[in-house]
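Have the model open as you read.

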Amino acid sequence: MADNNLTTASSVKEDAVSATRPSAHASEADATSTPAVKSGVKRPGDRIFEFLSTASATLITVMIAAIAAFLIWRAVPSLSVNEGGILGFFTYGDRWETNDTDAMKFGIPTMFGHTVLISIVALIIAMPVALGIAIFLSNYAPAKLVKPLGFLVDMLAAVPSIVYGLWGWQVLGPALSGFYTWLHSWAGGFFLFKVYDNSPNFATGRNVLTGGIVLAVMILPIIAATAREVFVQTPPGQIESALALGATRWEVIRMTVLPFGMSGYIAGSMLGLGRALGETMALYMVVSPLVDFRFSLFDGGTTFATAIALAAAEFGNEMRAGAYIAAGLMLFLLTFLVNAIARSIVKSK
């Protein structure tokens, strides 16, 4: 590209010189002043940078492939002795029975259900709030407040998950117990708010809904930061055109900013979902463990990550550990799929 530009520039220059009929001395001076450029020559710095970039990309690809290979290698022996084989792994979900290595019985439906339900609750809560934050920071906030407020939102991502777990367990859950009691009093007939005999006590608030709220706070900065970065890239010409037609500030946002940045907003939400799917410590402390999946937000739950954490003491037995590693493999694939969808959304727009 550089050679083509230089060639074009030289042609234009020669035309201009011939049009003005310069002297031969001037033409020779111009010709000698044009530096010769060798095609295909790479500087040492370019070679080093290219090598480091290629090595980094190759390294991260090899690491991901190695993790996947390890999970498959450790999961296959347990899946081979599981009752029903791989099909049973995807259909059996009432109890995990891994005491007898010759007759194991385990599956992921309940873990999958709890993981997806808590993550969806977190997305439903976080997405509207993150959208409002992104719109405010990109269109309404005074210039002096954009950086401080953006920094505060980003700081939420730096808080350790165990701190969120302590806050949800000791503060948020008990504080919401009265609200849960009131909500159940008039909506308890609906399956999402039904209470069963072994459901957690409202006084503790350790249920799926509390876990979803805590996760929503944790993924909020991811969605807000991604959406804001896309919103500020809206072409100024579109905004100015809408203002020239008499549009209000909200109409400008609705007609130009939101359509332009919707792909980034959705991609940020998918990245937040990927973060929520793999959360361990916060949900370990906030949601009471429960193997039954009944679609109730007032139930406890066991996600992929919390189930693996709860069973860490059993990992001395390779076959038992392999059963949970198989669950970890499914979590790995699910998270990888969600992030791949997010990347494809970003690239398609």
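The crossing of α7 and α9 is right-handed, meaning that the near helix is turned clockwise from the far one by less than a right angle. Helices here are DSSP runs of H or I with at least four residues, and strands are E runs of at least two, numbered from the N terminus. The contact (heavy atoms within 4.5 Å) is made by S161, Y164, W167, G168, L172 and G173 of α7 and by T210, I213, V214, V217 and M218 of α9. By class, these residues divide into seven nonpolar, four polar and no charged, with Gly counted among the polar ones.

This is a predicted model: local features need pLDDT of at least 70, side-chain atom pairs count only at pLDDT 80 or more, and totals for chains, interfaces and linings use all residues. Residues are numbered from 1 along each chain as its sequence is written, and side-chain values use heavy atoms, leaving out hydrogens and water.

Now for the wider chain. It has 14 helices and zero strands. Buried residues (under 20% relative accessible area, 1.4 Å probe, protein chains only) make up 37% of its 349 residues. Of the contacts with a separation of 6 or more, 75% join residues 24 or more positions apart.

The unreviewed UniProt entry annotates several stretches as "transmembrane region", including 208-227 and 295-315; such annotations may be inferred rather than shown by experiment. Here is how these two stretches look in the model:

Note on methods
Buried < 20%, exposed > 50% of the residue type's maximum accessible area, 1.4 Å probe, protein only.
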